[in-house]
Structure formats: C-alpha cells, structure tokens
Amino acid sequence: MTIDALSGVLLIPALSAGLLAALPGYRLTSRLNVLAAFLTFATAVSLFIVEPTSGRYLLVDDLNKVFIVLTTFVAFTTSAFSASYIGHEIEIGRLKLGHVRFYHAMYQVLMFAMNLALVANNIGLMWVAIELATLTTVLMVGIYRTHEALEAAWKYFILGSIGIALALFGTILVYMAAQPVIGEGPDAMVWTILMTRAAQFDPDLLNVAFVFLLLGYGTKVGLAPLHAWLPDAHAEGPTPISAVLSGLLLNVALYALLRFKMLLALNPASIAPGPLMVTMGLISAVFAAFMLYRRRDIKRMFAYSSIEHMGIIVFAFGMGGPLANFAGLLHMTMHSLTKSAIFFAVGHIAQVKGTQKIADISGLTVTHPVLGWGLVLGVVAIAGLPPMGIFMSEFLVVSSTFARAPFLVVILVIAILVALGGLFIKLNTIAFGEPRGSTAPVEASYVPMFAHLAIVFAAGIYMPPALVTGFQNVARLLG
Amino acid sequence: MQGLTFDIAHMLAGSLVLVSFMQLYQDRLSALLNMFALHAFVLAASVAWQAYAQDAPHLYITALIALVFKAIIIPLALRRIVIRLGIHREIENVFGVGLAMLLGIGLVALSMVVMLRVTSGADPLAREDLAFALSVVLLGLLMMVTRRNAVSQVVGFMSLENGLVLAATGAKGMPLVVEISIAFSVLIAFIVIGIFLFRIRERFDTVDVQAMDRFRGEKR
Amino acid sequence: MISYALFGVLALVAIAPIAVALSASPNAISVVYGACLIVTLILFLLALETLFSHPAASTVTLPLGLPWLGAHFRIDPLSAFFLVTVNLGGAAASLFALGYGRHEEAPQRVLPFFPVYLAAMNLVVLADDAFTFLVSWEFMSLSSWALVIANHRVQENMRAGYVYLLMASFGTLTLLLAFGLLGGGDGAYAFDAIRAAHPEIGTAALVLILALIGAGSKAGLVPLHAWLPLAHPAAPSHVSALMSGVMTKVAVYGFIRITFDLLGSPQWWWSLVVLGVGGVTAVMGVLYALMQSDLKRVLAYSTIENIGLIFASLGLALAFKAYGMDAAAALALTAALLHVFNHALFKSLLFFGAGSVRAATGTRDMEQLGGLIHRMPQTAFVFLVGCTAISALPPLNGFVSEWLSFQAILLSPQLPSWGLKLMVPAVGALLALSAALAGACFVRAFGITFLGRPRSSAAETAQETDTNSLAAMYALAAACLIAGVLPGLFIDTLAPVVQQLTGGRLPVQTGAEWMSIVPIAESRSSYTGMLVFAFMFITGMITAFAIHRLASDKIRRGPAWGCGYPDASPLTQYSASSFAQPIRRVFGSLVFRAREIGEMPPPGSSAPAKLTVQVRDLIWDALYAPIATAVGFIAVRLNYLQFLTIRSYLTLVFAALVILLMVLATWP
Amino acid sequence: MAVITDFAQQSAQMLLVLLMAPLLTGFVRKVKARLLSRQGPPLLQPYRDLIRLLRKDVVLANNASWLFRVIPYLVFAATWVAVSLVPTFRSGLLFSWTADLIAIIAVLGSARFFLALAGMDAGTSFGGIGSSREVMIASLAEPAMLMIVFAIALIAGSTQLSTMSAFMNSADVGLRVSLGLALIALIIVAVAENARIPVDNPATHLELTMVHEAMVLEYSGRHLALIELAASLKLLLYVSLIACLFAPWGISPAIAAPTLLLVGAAAYIGKIAALGFLLAVFETSIAKMRVFRVPEFLGAALMLALLATLLRFVSRSF
C-alpha cells in the first residue's frame, strides 16, 4: 500500500490510537486527539487537490470524497468539543483517568474504522470496518458504567451484532452473485470491478442480498423498526460520542447502503431498491416524529430527531432522480453538521444544569444566552426552517418528488410538520420561560458549535459551485 | 463422484439445520450448550468437506477454527459461566417448544422458496448450501427471539454465525479475509459478551434481559 | 431599480447585528428604529416611483439560493404596489416604536428581529422564483415568531407563538407542495418558467386549492385563522401592527401572485371557492371580534374580517377574469387592492392606539378601561378616526374600497354560470352584514375604551403618549382621510397593477370633476368623497356658528340622569360584554353556542345574583382540538415502543426480515 | 347661467327639506292623535319646540367629553347632506352625483355611528342600553337596506338616485315581484331606522323601553334640538326615498321649465302627506314589540331583500 492521502486518513488515526493508548493524563492527550483529528481532516481535504489513484483495496471517487471530508471535519470539531467536555467530566469525577486514556484511543480507532469503511474498495473490507466501528462505539457508550449506560450498550451490542450478521450474509450473497461472472477469488469483492460487470449478475440473488444488506446496514442507519439501540445509545453515552454517532456513524452505514443501491441500479433485471428504501424511510420519519412528543430526556429527544432525518434522507435516495439525490446528499451533510452542533450545545447544557431531564431545564436564553440561543438556532435549523441549509434540502426533496408520488410526499410533509411541533414544544420550555436550575457560568468552547451553525447557515443561502458540481456528480452516480 | 460429494455436502448442511432444530427444542441451558457444541462440530465437518470438495486448503483453517473455538472453547467457557451463575437448569422459553418448532419449519420453508427462486446460474451445490445456510441463520434468530436468557441468546447468535460460515464456505473461492473476519468478530463477540455478562452479574445478579429492562433510561 | 431595492433590504438586514451589539446601551432603541424608519422610507419612495413611472419589470439574478437556479428578484407593478404598502406600514411602525419602544419589557429581544422581519417581508414581495419566495416567506414567519415570544415569561405568549409557528410552517409546506406541482419534478422553479408552462386543468385546480390554504392560513382565512388572534396581540404593539396591517397583506400578495399571475387563465368555479371562503371569513371574523374584551384581540379578529372582504373581491375578480370581462375584473381587483392599502393604514393606526393605551394603563382588557378620552384626548381622536375608517363610513377611506366592491357585485348578473348567480348575491349579503357588524364592533371598541367613566384606577391615572407615537398615528390618520377624500388618485395609481393582472382597467379618474370616482359611467354610479366631506364640514360649521351666534352658547355642568340613583359607581356602566349582549343573543347563540346562566339567590338572602356567559369557539373545538388530541394519542401509543425488552426489539428486526423475505418470495 | 339656476335649485331643495322635516313630524303626530281621537298638538308645535330648545342653556353631564358636544353638529350635518341628495321635486340636481344611494345610506350610517358613541359618553347605563340596542338594530337594518338597493339597482341598472327614479318613472319598469318584495323590505327598514312603532316608540319616557331616546337621554338645549331636527330629517329622507323610487310621478327632469318644477314640488308635498298619513295609521294600528322580537322583524326584511336580489340574478324578468 503506497503512502498517499488515501492511506493517510487511515494511518494517522491508527498510529495516534496506539500513541494515545500509551500516554497517561488527559490534558496532553486531549490536545493530541484534536491534533490527530485535524491532521486527518487536512489529509482528507488534500484529496480534493490531488486525487490519488484508487488501488485494489482503497478507492476514491466523488461519492466517498464527500463522505470522507465530512466525516473527518466533524470528527475534528467533535474532538475539540470533547476536549472541554471530558475536562469537565473528570473534574466532577464522572470519569477516571484510565477511562479517558481508553476513551481517546477508542476515539481514534473509531475514526480509523469509519475512514476505512469509506475508502475500502472491497465489500468484505468495508464490512469489517463498519463492524469495528460498531464495536468501538459499543465500548464507548458503556463507558460510564451506570446501569442505564450498560443496558444501552448491551442493547446496542445485541442489535448491532445482529446487523453485523445480516450484513455479512448479504455480502456473501453479493459475492455469490458476482462469482459466476467475474470468477472465483478476491476480484469478485472489489467495488470497481463489481460496478463494471453488475449487469450480468444473477438478479434474484442480488435481490435477496439487498434485503439483508438493507436490514443489516439499516440497523446502523437507525431505520425504524431497527432503531431501538439508537436513542438509548445517544442518551447514555458521553455527549461527544452521541455527536459522532448521529453525525457520522449513521452516515457511514448509509454510505454502504448507497453503494449497494448503485450496484443494484446497474442491474436492470433486479428489483428496484427504491420502493424498499422509500417505505423504510417513511416509516422511520413518521414514527420518530411522533416519538418526539413524550420525551423527557433531552439527548434522547434529539436522537429520535436523528432517526426522523435519516428517514427523510433514505426517502430521498429511495425516490432517486438527480434532484432528490442531490437533496439527499445535502440533507445528510446539513444534518450531520447541525445535529452535532446541537449535541455540543446539549452537552454543555447538561453539564451546567447537572441533568438531562427536560423538565429541569428552563429559561436558558436568560441564564446562559449564548448556549440558549445557540440551541434555538440549532433547533430552528434541524426543524427545517430557513435560512438554514436543511430548508433547502427539504424544499428540494418535497418539491421534486411531489409530482411523482403525491401521497407519499404528503405523508412525509405531515411527518416534518409533526416533528417541528414536537421539537418546538420542548424548546419552548428549555430555552424560554422562567429560568430554572443552576445559573453558574459554563466554561465551554463555543467555537465548534457556532462553526457548524455558521456553515449550515451559509449553505442555506449560498453554496460554492465546486461543492455543487461535486454533489451533482454524485447524484448522477446514484442514478 | 460429483454426485457423491454433492450428496455428502448436502447431508452435512442438512444435518446442521437439524441440529439447529434440536437446539430450538432444548429448554435447559446445559443441554443447549451441548447442542451448540454439536452444531459447531457439524459445521466444522461440513466446512472440511467443502475444503476437500473444492480442494481449497485454506478452508481447513476455517474448519479448525470452528472446531476449536466454537465446538470446544466457547461451550466450556459458557458452561462455567452458567454454573457460576447457577442457572444451568433454567427453563426460560417465551412460548411452547411446539410453536417454536412450527415457526422454525415455516422459516425453513421460506428460505427454501426464496433461495430456489435463484436461477440455476449459480451452481446447484451453492444453491442448496445457501438455502440451508439461510435456514440456519433464521433459526438462530428465532432462538434469540424465543429465549429470555442472555446466555441462550448468545448461543442463538453464534449458531446464526455458524450459518454464515456455512454460506461463506459454500461460496467457491471466497477470499480468506472473510474467514478471518468471522473468527475475529466471533472472538470480539465472545470477549465483549463475556465482559458484559460479568458486569451484568455484578450489577443485576441475573442475566435475565427482562431484569435489565427494569433499569431503563426513561421511566414510563 | 430592483438592485436599489435589494440594497435597501440588505441595509435592513445589516441593522440586526448592530442591534445585537448595542443591546446593552440605552439609546439602542432610537438608533435601531431610526435606521429602520429611514431605510423603509427610502424603499417606500423607491417603490412609489416605480409605480408612478411604471417601467417594464426590472429583474436581477444573484448567485444565491438554489445553486443552479440562483436567486431571482423582480419588481413589477404588482410587487411595487405591495412594496409601497409594506414599507409605508414599516415606516409608520418604526416611527411609532421610536416612542413606544421605551415601554418594552425586554427590548433586546425585539430590536434584532424587527429589521430582519421588515427585510423578510420586502423579500417575499421581490422574490421571483419559488425557492427565494418560500425562504423569505418562512423566514418572515420565523422572525415574527421570535417577536411574538419576545415577552417569553408570559405563558400564553409562548402558546401563541407555538400555535403560530405550527400554522405558519403548515402554510409554507402547503405552498411548497403547490410549487412542487408548478415547478414539476425537474425543478423549473423560476417564475418565468412557471408562467411559460401552462399546467393542465386538474393540476391548476389543485395548485389553486393549495395556494388558498397556504396563503390563506397566513392571511387568516376561516377556518385557518386560529393562530392570528393569539399571535397578533401577543407581540409588542408596533409588531402587532405590522403583522396585522402588513404581513397579512403579504399573504394576499402570495395568493394574487400565484392565482392571477403564475396560474394563467382561471376556471370559473375557482371563484366559487374563494368567494365563499371570503364571505364566511368576513362575517365570522367580525362576530368573533364582537365577543372579545381584549382590545388588541378585537383588532386581530377585525383583521380576519377585512381579509375576508379582500378575498371576496379577489374571488369576484377571478370570476370576471374567467369569463373575460376585463373591465369588471379590473373593478373587483381594484377594490381588493385598494382595501389592502386602506386596511394597512387604519389597522396599523388602531394597533398603535391600542399600544398607547396599553402603555398608558398597563392593560388591554376593555373591562378595565374607560374615560380615556379625558386623559389622552389626542390618542382618542386618532383612534376615533381609525374606527370611523375601518367601519367603512364616508368620507374616510374604508368606505371607498367597500363601495367599489359593492359596485363590482352589482356587475355580476352578467356572469353566465348559475353557481355564481346564486353565490354572488349571498356573498354580497354577507359583506353587507359584516360591514354593519364592523360598525357595531368599533362603536363598542371606542366607546368602552375611551368614553364613559374609568373602570379602574389605572385608567384614571393614564397619561397621554409621547410625541413620536402621536406623530405616527396622526400621519396614518391623515393618510386615511386623504385616501378617502381623493380616492381617484389611488385608483389611477393602481391602474398599471390591475392592467398587468386582468388586462383591463378602470377609466381614468383624475379627470373627473370634484375628484369624484366613476367606476363605469357617471349615470350608473359615482361617489365624491371630497364633496361629501366638504358638505358635512361646511354645513356643520355653519350650523354651529349660526346657533352659537343667534341662539345660546351657554354650558352648565350637572350630574348625569341616574334614574333617581345619584352618582352610581362606574361599574354600573355598560361593560364590553353587556354592550355585545343583544348581538350575542341574535347571532352568538347560533355561531358560538353562547349561553347566559343566571344564578339568583334564594328569596330573602342578601347574596349577589350571578350571571355567567359561555361562548364556545366551535371551529377550535371541531378542527384543532381533535388534531391535537389525535397527535397526543398516537404519541402515547407509539411511546410504548420506547419501553420494550431487547428481545421484543429483536423480534421486530426478525419480523422485518421475514416480511421482506416474504415480499421477495412473492415478487412477480 | 345654468349653473346658477342649478345651484339655486340645489340650495332650494336643501332649505325645502330643512323646513319640511319638522312639519312632517308634526303632521304624523297630529294624525296619530286624531286617530286616537285626541286633539293633539298643533302642526307647528315641532318648530316651537326646536326654537325653545335652541334658546335654552345646555346642561352637560359631568363626564361628558368634547366629543359629546361635537356630535350633534356632526349628526345633523350628515343627515342634512344625505337628505338633500335625494331627489324630491327634481332629479339630477347639481350635486346629485356626489353620492349614489349606497353612499347616502353610508352617510346616514356614520351619523348613527356617532350618535351611538354619544350615548356611551356620559357613562350612564341608559346610554349604554340605547347604543347597544341601536347598533344591534343597525347591524340588521343596514344589510337589509343594502340588499334593497341591490335589488332596485339591478333593475334600474344604476345606483344613482336620479337615474333610478327616472327609470322607475319610465314605461319599461312594469310590475315586478322583486320590486314588491323590495318595497315591503324598505318599509320595514324605514320604520326601524326612524325608531317608530313597533320597533321603538319616539314618544316613550320609560328608560328601559327606549332605544333611540335612551341614547340621546343626556342631551339638552341646542344639542337636543339638533338631534331632534336630524331625526325628523331622517324620517323625511326615508319617506321621500320611498316616494322617488316607488312613486316617481311628477318629479321634474334635470332641465325643465319652472312650471314643471312647481308641479314637481306640489306632487312631492302630496306624496309626503300621503305617506305620512299611512305611517300614522300604521303606527296607531300596531303595538310596540319586545326588543328581542325586533331582530326577527328586521331579519324578515333582510330575507325579503335578499330574495328580491336573488330573483334578479336568476332572471331578468322578475
């Protein structure tokens, strides 16, 4: 494997993981963590300047370039956030130094796994990477060792490993479909080769494969009814991990799903993956929208909102077409940025208020104006209100598909509306009204949160042409 | 000769399904663990036969892994856990064995239907194998669903993975990466589960999943 | 031209960060509102210039918004007219706020959003593609939401804001669907493209319905009005004035833009829907208003009535346009647009008045007010002018637009279709009824608030408001009078707009002697506001002079006739609810299930008798409450899924897998 | 020259109505008294009352505001302007195009608006009763009146009173159902608007039964005089409205010889006398109704007028 940007995004996290596992203390290591994440991000950006050639094991194309840069960027900002967050956790003794060392190492391992999943040119390798990412997050979710945390991690582990198994079975089936055409051996698992020959594969085998892959990776995406692990994992784990889960891991799983969708799209005889994805997406969106109303835990609420948005995204990709695909990509990007920003805010809020119970938090815009308005801004963005970016993607999704599938879109619109109602009925009590809870000042770094929100805001008004052309190419790839 | 290899492979795969049914039938943990050992053993045998039939020597490694890890080490370890927790003769089915069996048969039928729709483009051996593998996977899932006890859920999970191995070995010339990853994942799975079982014990004094559900993040 | 307008908008947006920066300093209020005043005035003059020297529509496309589309902006007569309305209201509100803003509880929660809100309304009018339009539209709602909950410690304000935001997003999503139909799947969102593509009948009809729902929910059409009487009073008064006087008009603009401009030639039966909704809205709105005792809520409901009036006229215009009767369509549309302008004037004026009263007495509840004409005579005077204007009484402007719409109705027998033949007179009756009830409503509003004796100590010790507020109100009052006395000018100014939308226009009015307006022909109908005003003024003056000269001019003061009970307490006066009692008995018992429950003490006991009045909002009970309960119910039911055991979750996964496999097995 | 005569005739009309209004009131009172076989006040009594009132001082309630003192002049001016725009002896007067029938109704409406406000100014409960009942009656009478205007305007093809009366005078009116309905409705509205029996009793002195009288209870002296005069002007307006719409015979056209004008004036006075007599008969032959029966009474008018309009919409021949 030659040393280029592509292998760089893998090597830097891997090496720093080892380093961080070795180093004691947390001040230094947290900074190192940020540094490593930043280096990875820089390397990822360099992919746009000089595009390395995809080899047998690693590939790079417009599709995963977008994902890589997004992943590494959010990973970088999240590491910056987690530096201040973890510091506070140690002060209040919720985490021990040993845990922190483990935590930082695992953080980098997670980065490594996700990047590997994105650049892998081999369906088997991709599978391995995603499993690695899952297992790492399982360990990190359980890190607090309260029984809620353990139960969440356990739930996540069981459902996750079922997902693993189903995805593997699907992968094997894809190989079985490819093997008669391409011939035995590793070639039959290499994306670049699969794509060229997909038309001759056995369609029925591909169909069965896609069902398993949809369920397997769909579990990671958090589609209802496979979502059960997601809310608790978000709620009970440390907040940076919630941000990474919502902002990145879901995307990575979605990326795998998209790859296989492209594969099926190339095979005319196979079933259209669209209807399946549209159905799952709608179910998730509607279900999650209604789940928002009864939430009492602030992090769990936003976890459900992630499910809703994943539903919208999967719906968009399921509908297909250049506009809808573009919208799906945009929505995914915007959601990652916004949701992680929200979790940054929520993390500090939970720390300063000493609780995650919505009922015990009130009047934030009075007691902590910056945090409070930041949260309001985030919720406005996540609810799909202008001028934030998600409005643009929702506009495109709805308006470009309504003519094609009126009834489905009406359902989607209802879901969006219900979700908005759920989000704001909670926001009203959290951010406004008579202040409740501690009014102690926060020592927090607002930079990551507002950086994300600024990007989302800018994207809602102006999108740089380079980005647009990139997205449009990907949208065309997705068919 | 081709016919004979085919029949033997067929027989082995079929017997794996049979053992899955027997697992489904057990209602005591200790007996269940024995059955799982048998399950893994049959798997090892069929993998070995595939290795011979496809004369793919690397598959012998897989067979060995299956034999050593799944047929011997894991059952022993689980047995120790079970005995330590003193739950080796627990009866913890959600509903009657008969119903479970019926469901199992339905699942096997379903997997047959799904797989036999596959055009004969793929070679018959692979097709049959896949059908059986799918049935084993589904039966493993069914077991996880119908058992309350964490250990037996783990067992169900691993028999599910056996099904995967069967499928993988059935696929001609599937690269080594897969087997290794399987072993890898099984190992991880076992370690993590072990950790969790211990933690769970020290927190809850039982491995009954329902007990943990009493400590939900959000009270109703 | 358009670029100048955009610079103005940009300037408004730029004020917001300044407001945030200044939020601590004491003179933030004067800086921000002063800046808003200047910018809106400039924009106002700009739009006026465009309207008078109506050049061809000037457009500009910025590399914003949808990447491959860009943000299109365009200023044509229609948008110029609404630009005039918006910025006139905005300027007045800014001027008023220069004084009123000092009474705010939390100015730092108002200042940043006020200029942005103005900017958003301007952008809606300027937008020339679906995306820009909807972004501005929804952003307008968002910023006004922030203003509604400015005083967030009051619980019902939060509730009002919540309902408002939900309804606003509902409207936006409906419009989004409409544009989805117009733009089609391939994203032709520019208005030019939409104009070029003529949708077939069914699609167009669906778009019309969606537009009516979407724009109507923002304008406050019954039954989508529920948010309006909650949100408008909750906001600070100058914002209420903007929301009621201007934002509802922006909603009307949205409807006109879609139905008259983008949709192409209308079908006759569209007008049935619009007419019916408009008529019902007019009557329901004013009936609601008569039942309220909160002054600002009365005004909010009366806004609903006026919106109904406007939509009825628009419906007529649609009908005429559908049958190619251009002159008649022009008349109806002129009536609608003129009323848009007039209502913006006097509704802002009235809300300013209510705001001054609120600031002076600390309450909006009419039952606590009274006798304010002695304490704040100037406010009383301008408020009276507003009341007269909104009650459609000559010689003020409210009457002119109403008169024009009646003239349009009188043209409608030429319409061939039977449905319209039956619908139009009924709507005419509804409009007449609503006009009369509006008179009653504002006699009540002014009489209870300003006349009689004070009903609370706060009302006794009220002080006249500051000069800035008074200046704003006097300016608007003067505008009301001018628009009522010289309507010809305004009608001629509207001519290009009407021409653009209907192809027809009214005869030039400015030529007519004594500034009279002649819709069709003088032998048919004419009205001369100026002469009516002059006659009444002169005769009144002469009479007064003559009587004071020839007869007595002496004045003595004495106690009022109390039927033998000297100086009864102010509470014996007619209260707001008792004043409405006859009308409540006539209409309310049907429309609101109004009930009066009197409890008489047993004979001999000295306990006071008690009368309680129940008024139910049937629309809320029938439409909104069920939805709320349904959502709550579903949420509760689904919530059980949060508390299942891991095994049950596995079962779900398992079931999903089996179902999908079955789907595959049975796939054709 | 023509302008001058026109102007002269216009002002003649204004003076004429001003002079005739109290006479009509007195005439109706006299006839009523006679019908009740009483002697009754002399015909000119209303003039005497007015003069006496004008001489008296004004006693203002302690709480009365500036508005209270302005309103009488406003009301009087509005009513006077309205009535002087109705063709009496001649159509197409100089300023007849100032306001069509709708506008005339509206001018009367503003007079009522301010009168109702005056009722609430003193801060007594009687004023409140009067105003609230007045606006309730108005809220039904005004739409009814507008519907009547619609019905007739749709027949005459104009809302311009001169044109309307000219059309009604012409041959092509014929006998129409809608006109009949409109006439009945118009009579009901006229009765209600002028506070006559059975809707209201101009002569009552029991506060609880008053509507119009309760509203002006606090007025005295010259103010009261103006109010009274305005009331009689309003009565005259409605009577001459009925006359010029439903008995347009003899009204002289715009450009006419003096003889025609005299004929017109004579015919006018005759019509007024006849209608006044009928009103008196009607009032004596019927009892006042409870306040909350009034809405039904007026509702009937509204329905009749609406029916008339609908008929016109449905077919020209009605």
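I began with the term helix: helices (H or I, at least four residues) and strands (E, at least two) are DSSP runs, numbered from the N terminus. This is a predicted model, where local features need pLDDT of at least 70, side-chain atom pairs count only at pLDDT 80 or more, and totals for chains, interfaces and linings use all residues. Residues are numbered from 1 along each chain as its sequence is written, while chains are lettered from A and ligands numbered from 1 in the order in which they are written.

**Entry: helix H3 of chain A**

I looked up H3(A), which covers residues 62–91. The expected span of a helix is 1.5 Å times one less than its number of residues. For the 30 residues of H3(A) that gives 44 Å, and the end C-alpha atoms are 44 Å apart, so the two agree.

Next I looked for a bend, which is the angle at a residue between axes fitted to the seven residues ending there and the seven starting there. H3(A) has a kink of about 25°, and the kink is centred on Ser82(A).

Is H3(A) enclosed or open? I needed the cut-offs: a residue is buried if 20 or more other C-beta atoms lie within 10 Å of its own, exposed if 12 or fewer, and partly exposed in between, with C-beta atoms placed from the backbone. In H3(A), 25 of the 30 residues are buried, so the rest of the structure largely encloses this helix. Just past the end of H3(A) I found Gly93(A), with a positive phi of about 70°.

**Entry: helix H11 of chain C**

I ran the length check again on H11(C), residues 268–291. Its 24 residues should span 34 Å. The end C-alpha atoms are 36 Å apart, which agrees. H11(C) is mostly covered, with 19 of its 24 residues buried.

**Entry: which chains touch**

Two residues are in contact if their C-beta atoms, placed from the backbone, lie within 7 Å. Which of the four touching pairs of chains has the most contacts? I found that it is chains C and D. Chain A has no contact with chain D, and their closest C-alpha atoms lie 41 Å apart. Chain B has no contact with chain D either, and there the closest C-alpha atoms lie 56 Å apart.

I then looked at both sides of the contact between C and D. Chain C gives 71 residues and chain D gives 74 residues. Several elements of chain C give two or more residues to this side, among them H16 (397–411), H17 (418–450) and H21 (529–550). H17(C) gives the most, with 15 residues.

I sorted the chain C side by class. Ala, Val, Leu, Ile, Met, Phe, Trp, Tyr, Cys and Pro count as nonpolar, Asp, Glu, Lys and Arg as charged, and the others, Gly among them, as polar. The side of chain C that touches chain D has 40 nonpolar, 23 polar and eight charged residues.

Strands also pair between these chains. Two strands pair if DSSP finds at least two bridges between them. E3(C) and E1(D), residues 58–61, pair in the parallel sense over four bridges. Ile555(C) has Val58(D) as its bridge partner in E1(D).

**Entry: chain D as a whole**

How many helices and strands does chain D have? I counted 11 helices and one strand. Along the sequence the pattern is α-α-β-α-α-α-α-α-α-α-α-α.

The radius of gyration is taken over C-alpha atoms, and the globule rule is 2.2 Å times the number of residues to the power 0.38. With 318 residues, a compact globule would come near 20 Å; chain D has 19 Å, which agrees. Its C-alpha atoms fill a box of roughly 55 × 45 × 45 Å along the principal axes. Of the 318 residues, 60% count as buried.

I noted two cis peptide bonds. One runs from Ala224(A) to Pro225(A), with omega near 0°. Pro225(A) sits in the loop between H8 (203–221) and H9 (229–236) of chain A. Another joins Ile197(D) and Pro198(D), with omega about 10°. Pro198(D) is in the loop between H7 (177–193) and H8 (212–215) of chain D.

I also checked Ser37(D), which has a positive phi of about 50° although it is not a glycine. Ser37(D) lies in the loop between H1 (2–35) and H2 (45–55) of chain D. Ser37(D) has 7 C-beta neighbours inside 10 Å, so it counts as exposed.
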